[in-house]
Amino acid sequence: MKIERQHQRNGSPYPKGSVGFADLLCSLYAGPALSEPQQIAVAKLFKFTLDRSQPSPSGQPVVQPETPAMAGEASEPVAAIEEAPMPPTDQCHYFRLIRLEKTREAEDSEQAREWFTQIEGDVLQQGKSEVPACHKIKVVDPPLLPWSRLLPMLLKSLGGQVPGTRLDEGKLADWLATGRQAAKLPKKKRYTWQSKIWLLIDNNPNSVPFRRDYRALQQQLQDWSGSEGLDVQYVYQGRPGQVSVRYHGNRPIFAGWQMPERTTPLLILSDLGLHSDNRQAVLDWLAFGCRLRQHGIRPTVLLPVAGRLVDVRLLPFYRCIVWDRGSDLQPLQIPGSAAEQGDSADILEQLLALCYPAVRVAPGLLRAIRYLLPVATDVSYEVAVRRSSQVQANAGEDWYWQAEGKRAHLTAFLSQFERLTPEQKNRLIALIAAYHGQYCDEFYFEVVAELSRLSIPLHQDERNNEAIKERGERYLSRLVQACFEHPEHAGLNDWATRFGQRLAFSGDYALSRQQQAIYILSRLRDNATAQNEFAWPQGIDHELLQQLAPPAQNQLEISLLQRGGKLLLTTRPESKADFSEPYVVHRQTVLSKWQVLQLPDTGTPSALQTVDLAEVEHTLDLPTPVSGRRQPTVHPVTINNDVLHIEASAAQEIPSWMVGYGVKQGLVLMQTQSAQGKIFEWFWHPPVAAPRWDSDTEGRSYPGFWFYSARVDDRKGLGRDRFGLFEDIEVLGQKLRMRWIEPGQFLMGSPPGEAGRGNDEQQHEVTLSQGFWLADTACTQALWQAVMGGNTSRFKGKDRPVEGVSWNDVQTFLTRLNGLQPALQLCLPSEAQWEYACRAGTATAYSFGDAIRKEQVNFSGSNTVPVKSLPPNAWGLYQMHGNMWEWCRDGYAGYPPGPVTDPVGPEADFRVLRGGSWISDARDCRSACRGRDRAGSSSRDCGFRLSRGPTVGWSR
C-alpha cells in the first residue's frame, strides 16, 4: 500500500520530518492487504481520504490525508514513501512502561538484612572508642638500644675532664709554694659531659623509621647535659656542610654552616647517605668529612645502618658506631659482610609476612616484629620494608599495605606464624592489637575480623577472645549498616573501598559475613562509577550479594519491547531504528531495560526464574486497548519480584499536544510543536530500578521522563532520583540543583468551586511544547551574595531565600551571572511554566491537596525558613507554596479565553508573582493564585527561582 503523508494541525502543515498518526499506524500495523471497505474505515478514523487515481503496487487505492487543498486551499506537494510489505500483527496500539516496583515477596530481602539493620548504634555518631581495655593500652616503642648501653658510649664520646666543685688542695699548695697568685681557687677535675655539645641530625626521607629514636636521644642529651649546653642543628635537604637549621620554638632559623671549635664534641645522627639510591648522598658526606678533618674534627656518628652496608671510604672521617641492638658500640673498622645475615631478600619477605594482619604499621610495631623474627635481622630492614613496592608510606611515619601486596602475603603469613613459639605468637598478636588500639576503631576491628577468620586467638584467655570476636562482629555490622544507608558518605565509601581491596580471598579461610558485605557494597559503588568490567570472586555468598544489590556490570540485562502489537521480554539485543529510513512495521520499540543479578558461578539470574529465557524471548499477554477511551489503561504485569505497570493506549488516543510519535535510536520518540510552528523531538527514557540503598524510593523505580536527548548518561552532573532527572551545577562556588520539567499539557488557573479563587484565574488549557530546567529551591542569600557582593535580606542565613529584591534587581543579577557563566543562560520561568511545575501533575488547590499544614508550607508566620526545610512536591521542587513570593518572567495580563501553547505575558510595568510567602494566608499560597507588583518594587517577601531554557545543550 502506498501512503502519502502530510501533517496538519490548526491549518498549518507540519514539516516533512515530523511524525503523525499515519506513521504510527504504518509502524505498528502488519496485517494482510486491506479491502477497500477496510481502507475507507481506517481513512475515516484518521481523517484520511482515498486517492484512487494513483494505484499502489498492490493495486489498491492510495490512502492520503485530508489537506487544506481539498477544501479549496493551496497546499505544498507531499512526497510519497514506499512502504514495505506488512507481516501479520495485532490491532494497532502502543505501550509505555510508567513504573517498575517490587512485589511484597521482595520483603524477604528486608528480613534478610536484619542482621545488620537491626544492630543498635551509629558508628558515624559514636564518641567513645569500643576497643576493649586489654588492647586499649599505651604502647612503648622498643628502642634501637637500651639507654643503659647507650649512655656509657655517649659519655665517652661527648665527655671530658671538666672542673668540679671540690677544692684541689694539692694544686693550691703548689701555687702557694711557687708564689703564683690565683684569680680563683683551683677545683678538682672530673670526667663528665662537656659544657658545650653539638648535635647534628639528618632528617632525610630514609630516616623516617628512626625519627622517634632521634627525638628521644635529643631529649635525653638535654636532660643529661642541660639544654644550655646542647646546640641542636639539622641538615638541610640532605646536603651536609652547606645550610643548617636551628629551631627557635617551632620557627626554623636558616644559616650557613659554621665549624665548631676543636674542643667541642660533635655527634651526628645520620645514615650518611648509605640508605639512599643516589650515591651522590654518600659523596656529599665524604666531602663534608674532608672539611671536618681539615679543621681537626672527627665526629661520632650514630649510624642506624647495618654494618654490611657501610662504605669504607667514610671510616677515616667519622667514628661510625652501628646503632642497633646487636651492635658492640665500637667504631667500625671493617664493615661486616652480607653473608652474616643470610639471604636479605628472603628475610625481607619473612618480615613483611608477619606484618600481614596489620592495617597500619608504625615504626615501633615493625621493630617489635623484627625482634620477634626467628632469624637475625638488622636495622636496615626497617628501611627496606618501608621502601618495598608492596607497601605505601604515608606523609607521617607509618605505612600501609598496597592492596595487592597484602593479599599476596596471606599464605606466607600463615607459614611464618606456624614457625613461631606459642609465646612469640601471643606476643605478635598482642603487639598488632595494641598498636591498632591506638588508631580509629575501624582499623582495630578490621584486624580482629581478619584474625578471627584465620582462627587465630586474639587473647590468651578464651573468654576474652570470644568477647573480642563478638564485639568485632557487632561493630562491623554497624559499619555495614552505615555503608548501606549512607551511600553519599565519601569518607565511609573510601574506607570501605580500601577495606575491600585489602581482603584476601581464600578457599580455606572464608570471609566473614561482615567482611563480604563491606566488600560487596564497596564494589557496587566503585563499579557503578567507573563502569568497568568486573567479575565477582568465587568466595562471595550469593544470597548476600542479592541482598545488597548487584552492580550493573554483573547483571543480566532484560529488555521489554513492543513488536507490532506484541510485548516481548528478551535478553537479545534489540534492532536499531532511525527516522532516516522508511518505516517498516516489524521494527521493534524498546520500552524499558532493567537488570537482574547474574550469579558468578552459574550465570543464572536471581529474578525471572519462572520465565524461560533459554529461547531468548518471552511473550507477555495484555488485554487489547479499547478504542475511544479518553484515558489509557494501566496493566500491572508481575514477573517474579518485579511488577511492571504498563500503560496501553489505542493509536487514536495520542494526546492532541503530541504532533508525532515514533522510534529513533532505539527509543520511543514524540514530537511537539510550539506556537511559532517549530517542531521539537523528545525521547522517552523509561523508569529504571533505583539502587536498593536508596531508601527514599521504597523499593520502587526512578520515574521515566521525556528528554530532548537520546542519551543522558554522558552528561556530567546529570542524575536520577525518585523525583526524576536533575543536573547539579556550580555557580560561583555555590551548588545549584536544576530539575528537568518535561513538556506537557495542563489546566492553568482554578476551577470555579475552589476556595479563595481570584477573578483573574480563569481555567484554560495550556500546552508547554518545550521542557525546561527549574531550580529546586528559591535563590539563596549565599548565591545572591556571591554574584552581587552584598545581601540586604532581613532574615539572614546563607541557606535562606534572598528577599526584598525587585524584578529589576533580578534582571541585573541575571545579567551579571550570565556574563560570568554564559553557557548557563539562566532566566526567570514564565508564569505558565511556574504553575505547571508547582502543580507537579495535580489539579488540587495545592500540590499537597486541597488543604495545607504548617509542616508542609511556611505561611502566616513570622520569618522565612531555610530553602530545603520543608517537604518538596512530587517533582522535587521545594517551597513552591509559601516562604517567598517568586517573580516570573511575564508582565501581568488576563488569561486568554481558549487553549494556548507556550504562553508568555506581555511586557508591562507590573510583573507576575507566584506562590505566596511567609506572611501570606493560605489562599495566597494556592497553585493558581496570581500576585503582581511593579518591576521596581522590592517588597520584603519577594524572591525568585532560577530557570534554564530547554535549548541549552540541545541535542537532536
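Close-up 1. Two strands count as paired if DSSP finds at least two bridges between them. Strands (E, at least two residues) and helices (H or I, at least four) are DSSP runs, numbered from the N terminus. In this predicted model, local features need pLDDT of at least 70, side-chain atom pairs count only at pLDDT 80 or more, and totals for chains, interfaces and linings use all residues. Residues are numbered from 1 along each chain as its sequence is written, and side-chain values use heavy atoms, with hydrogens and water left out. β39 and strand β41 (residues 910-914) pair in the antiparallel sense over three bridges. Here Gly891 has Arg911 of β41 as its bridge partner. β39 also pairs with strand β43 (residues 942-944), in the parallel sense and over three bridges. Trp885 stands opposite Cys942 in β43. Buried means under 20% relative accessible area, exposed over 50%, and partly exposed in between (1.4 Å probe, protein chains only). Six of the seven residues of β39 (residues 885-891) are buried, so the strand is largely enclosed by the rest of the structure.

**Close-up 2. Two nonpolar cores.** A nonpolar core is a set of buried Ala, Val, Leu, Ile, Met, Phe, Trp, Tyr and Cys residues joined through side-chain atoms within 4.5 Å. The largest has 74 residues, and Trp399, Leu428 and Leu548 have the most contacts inside it. Helix α16 (residues 462-485) gives this core its largest share, eight residues. A second, separate core has 57 residues, including Leu569, Trp706, Leu783 and Ala935.

**Close-up 3. Helix α17.** This helix (residues 490-502) has 13 residues. From first C-alpha to last it reaches 19 Å, close to the 18 Å expected at 1.5 Å a residue. That expected span is 1.5 Å times one less than the number of residues. Among the buried residues of α17 are Leu492, Trp495, Phe499 and Arg502.

**Close-up 4. A salt bridge between Asp277 and Arg387.** A salt bridge places a side-chain nitrogen of Lys or Arg within 4 Å of a carboxyl oxygen of Asp or Glu. The whole structure holds 37 of them. Here the side chains of Asp277 and Arg387 meet at 2.2 Å, N to O. The two residues are 110 apart in the chain, so the pair links distant parts: Asp277 sits in the loop between β14 (266-269) and α8 (280-294), Arg387 in the loop between α11 (380-386) and β18 (391-393). Asp277 is exposed, at 68% relative accessible area. Arg387 is partly exposed, at 38%.

**Close-up 5. Buried salt bridges.** Asp324 bridges to Arg370, with the closest N and O atoms 3.3 Å apart. Asp324 is buried, with a relative accessible area of 5%. Arg370 is also buried, at 0%. Glu835 and Arg839 form another bridge (2.9 Å, N to O). Both lie in helix α22 (residues 831-839), four residues apart, about one turn of the helix. Elsewhere, salt bridges that share partners join Asp213, Asp324, Arg367, Arg370 and Glu382 into one network.

**Close-up 6. A nonpolar surface patch.** Tyr236, Val243 and Phe254 form the patch, with about 260 Å² of accessible area together. Patch residues have over 30% relative accessible area and no salt bridge; like charges are joined within 9 Å, nonpolar side chains (Val, Leu, Ile, Met, Phe, Trp, Tyr) within 5 Å. Areas come from the Shrake-Rupley method with a 1.4 Å probe; for residues, only the protein chains shown count as cover. Tyr236 lies in the loop between β11 (230-235) and β12 (243-248). At 34% relative accessibility, Tyr236 is partly exposed.
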